[in-house]
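Biologist: Thanks for sitting down with me over this one. Could you walk me through the model, one question at a time?

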Amino acid sequence: QVQLVESGGGLVQAGGSLRLSCAASGIIVRLNDMGWYRQVPGKQRELVAIITSGGSTNYAESVKGRFTISRDNAKNTVYLQMNSLKPEDTAVYYCNAEFRTITGLRTAWGQGTQVTVSS
């Protein structure tokens, strides 16, 4: 069974930086798109950034120029570098991955990591 394990969340002041990591483990034939989403209580989960296996990226308008998504395919790991953080970035951040196993195409979510930005 494939698992995604996130790390790197925490409390930071506005203007500060954090780096999130998400490592995929298990029997993976091929790791496709990997992404970061976030959710605040009472709202739907929203896409923050996504990166394809070839390295193409896409960002939510609200984070463009401040966040950078990257991946290390050798480590099956995706990162989210968050700079110039704002209080409105406060949320639980979830990692998501699409991957192929011996039984077919699957997706998985991480357990979530809290990011809190104080003003």
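Biologist: What is the volume of the largest pocket?

Modeller: Keep in mind that this is a predicted model. Rolling a probe the size of a water molecule over the atoms shows where empty space is left. For the largest pocket, the volume comes to about 180 Å³.

Biologist: And which residues that line the largest pocket are the closest to its centre?

Modeller: The lining holds 13 residues. By kind, two of these are nonpolar, four polar and seven charged. The closest to the centre are Arg 38, Val 40, Lys 43, Glu 46 and Glu 88.

Biologist: Let's turn to the cysteines. Which residue does a disulfide join to Cys 22?

Modeller: A disulfide is a covalent bond between the sulfur atoms of two cysteines. Here the cut-off is 2.5 Å between the sulfur atoms, and the count comes to one disulfide. Its S to S distance is 2.1 Å, and the partner of Cys 22 is Cys 95.

Biologist: How many residues apart in sequence are the parts that this pair ties together?

Modeller: Cys 22 belongs to strand β3 (residues 18-25), while Cys 95 belongs to strand β9 (residues 91-101). The pair therefore ties together parts whose separation in sequence is 73 residues.

Biologist: Is the disulfide of Cys 22 and Cys 95 left-handed or right-handed?

Modeller: Look at the torsion about the S-S bond, which is about -80°. Because of that value, the disulfide is left-handed.

Biologist: Are its two cysteines buried or exposed?

Modeller: Buried means under 20% relative accessible area. Cys 22 has a relative accessible area of 0%, and Cys 95 is also at 0%. So Cys 22 is buried, and Cys 95 counts as buried.

Biologist: Where does Asn 76 lie, and what is its phi?

Modeller: Most residues other than glycine have a negative phi, and most peptide bonds are trans. Asn 76, in the loop between β7 and β8, has a positive value instead. It is partly exposed, with a relative accessible area of 23%. Its phi is near 50°.

Biologist: Ser 84 is not a glycine either; what is its phi?

Modeller: Ser 84 sits in the loop between β8 and β9. With a relative accessible area of 40%, Ser 84 is partly exposed. Its phi is positive, at about 50°.

Biologist: Which residue in β10 stands opposite Asn 96?

Modeller: β9 and strand β10 (residues 104-109) run antiparallel and are joined by six bridges. A hairpin connects the two through two residues. Opposite Asn 96 stands Trp 109.

Biologist: Last one: what separates the C-alpha atoms of Gln 111 and Val 5?

Modeller: Gln 111 is in the loop between β10 and β11 (113-118), and it is partly exposed at 49% relative accessible area. Along the chain, Gln 111 and Val 5 are 106 residues apart. Their C-alpha atoms are separated by 6.9 Å.

Conventions:
Residues numbered from 1 in each chain as written. Predicted model: local features only at pLDDT ≥ 70, side-chain atom pairs only at ≥ 80, totals over all residues. Heavy atoms only, no water. 1 Å grid on protein atoms, 1.4 Å probe; cavity = no way out; pocket = protein on both sides within 12 Å on 5 of 7 lines; lining within 4 Å. Points joined across faces, edges and corners; volume = space filled by probe spheres on them. Nonpolar A, V, L, I, M, F, W, Y, C, P; charged D, E, K, R; others polar. Helix = DSSP H or I, 4+ residues; strand = E, 2+ residues; numbered from the N terminus. Buried < 20%, exposed > 50% of the residue type's maximum accessible area, 1.4 Å probe, protein only. Pairing = 2+ DSSP bridges.
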